[in-house]
Amino acid sequence: MKKRCFAVLLIFFAFSLLSFSQSQNKKQIFSLETEYLAKGLKNNGWGIGFSYERELYQGIAVKGGLSHMTMWMKNPSLILTSVEITGEALYYPFQRGLDWFYSGIQCKTGFFMYNGSSITEENSQDCVISLYPLIGWKQSFFDIVMVDLFGGYRFVVNPQDQKGIIKDQLKNNFEYGIKVKFSLGKIIQFFKDNNTRKQKRKLV
């Protein structure tokens, strides 16, 4: 398993090096975040998330995100609906636009609503505020698909306010993983260009 993970990382960084000269130093990205759909499907539900990131000055960027998930949890047995709002301040030391290595901090506010036979009005919702120092490596392919390797430690700011329904998911812990994103701006531009070409053909 470790050898496979190492091989995947080598391939990823090889593609990153190959695409280095092709980088267009993107200044802003509006993307579809697939991690929420993956989490939802894993728990017999669904999810959707969007983010907007913009470089302000020489490798310094800000990012905002909004997501929604509805999941049918098994342990405990309940329906969990969440809305999360995130804000991030990021630094890209290589200054290749919004690609390659980055570090920063994320502030996330999550609103959780529970529905089930054991849920009462008093414990039917939570609001979780967390801070998340993180580092990562992000690489775009064909300016449409972005792969983001990330890791960090999440601190829950208001643990005393939680009802304890899903306490394992709301405590301080290390988080890491791989995110796959799609640039909505590039996808929308593709369809616009395609529509323009069709109209030109009709005129000819």
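This is a predicted model: local features need pLDDT of at least 70, side-chain atom pairs count only at pLDDT 80 or more; totals for chains, interfaces and linings use all residues.
Me: What makes a space a cavity and not a pocket?

Reply: On a 1 Å grid over the protein atoms alone, a 1.4 Å probe fits in a cavity but cannot get out, whereas a pocket is an open set with protein on both sides within 12 Å along at least five of seven lines; lining residues have an atom within 4 Å of a point. The structure holds two cavities of 30 Å³ or more. The largest cavity has about 70 Å³ of space, and Lys-63, Glu-88, Tyr-102, Leu-134 and Asp-148 are the closest to its centre among its 13 lining residues. Its lining divides into five nonpolar, one polar and seven charged residues. The second largest cavity has about 40 Å³. These volumes are the space filled by probe spheres set on the points, which are joined across faces, edges and corners.

Me: What is the space in the largest pocket, and which residues are closest to its centre?

Reply: About 1,000 Å³ lies in the largest pocket. Of its 43 lining residues, Glu-35, Lys-39, Met-69, Lys-108 and Glu-175 are the closest to the centre. By class, the lining has 18 nonpolar, 13 polar and 12 charged residues. Strand S8 (residues 173-183) gives the most, with eight residues.

Me: Why is Glu-33 called buried?

Reply: Buried means under 20% relative accessible area, exposed over 50%, and partly exposed in between (1.4 Å probe, protein chains only). Glu-33 has 5% relative accessibility, so it counts as buried. Glu-33 lies in strand S1. Leaving out residues up to four places away in sequence, Glu-33 touches Gly-49, Phe-50, Ser-51, Lys-63, Lys-179, Val-180 and Lys-181, where contact means heavy atoms within 4.5 Å. S1 also gives the most to the lining of the second largest cavity, with three residues.

Me: How do you know that S6 and S7 pair?

Reply: Two strands pair if DSSP finds at least two bridges between them. Strand S6 (residues 125-141) and strand S7 (residues 145-156) have 10 bridges, so they pair, in the antiparallel sense. Ser-130 stands opposite Val-156 in S7. S5 and S6 also run antiparallel, joined by 14 bridges, with Gly-136 in S6 as the bridge partner of Tyr-102. S4 and strand S5 (residues 100-115) pair over 13 bridges, and Ser-82 stands opposite Phe-112 in S5. Strands (E, at least two residues) and helices (H or I, at least four) are DSSP runs, numbered from the N terminus.

Me: What do the strands form, and in what order do they run?

Reply: They form a closed barrel of eight strands, S1-S2-S3-S4-S5-S6-S7-S8, with antiparallel pairing. On average, neighbouring strands of this sheet are turned by 30° against each other, direction ignored. Axes are lines fitted to C-alpha atoms, for helices over the stretch in contact, and angles run from 0 to 180 degrees between N-to-C directions. Helix H2 (residues 35-42) lies across several strands, including S1 and S8, and runs at about 160° to S2.

Key:
Residues are numbered from 1 along each chain as its sequence is written. Side-chain values use heavy atoms; hydrogens and water are left out. Ala, Val, Leu, Ile, Met, Phe, Trp, Tyr, Cys and Pro count as nonpolar, Asp, Glu, Lys and Arg as charged, and the others, Gly among them, as polar.
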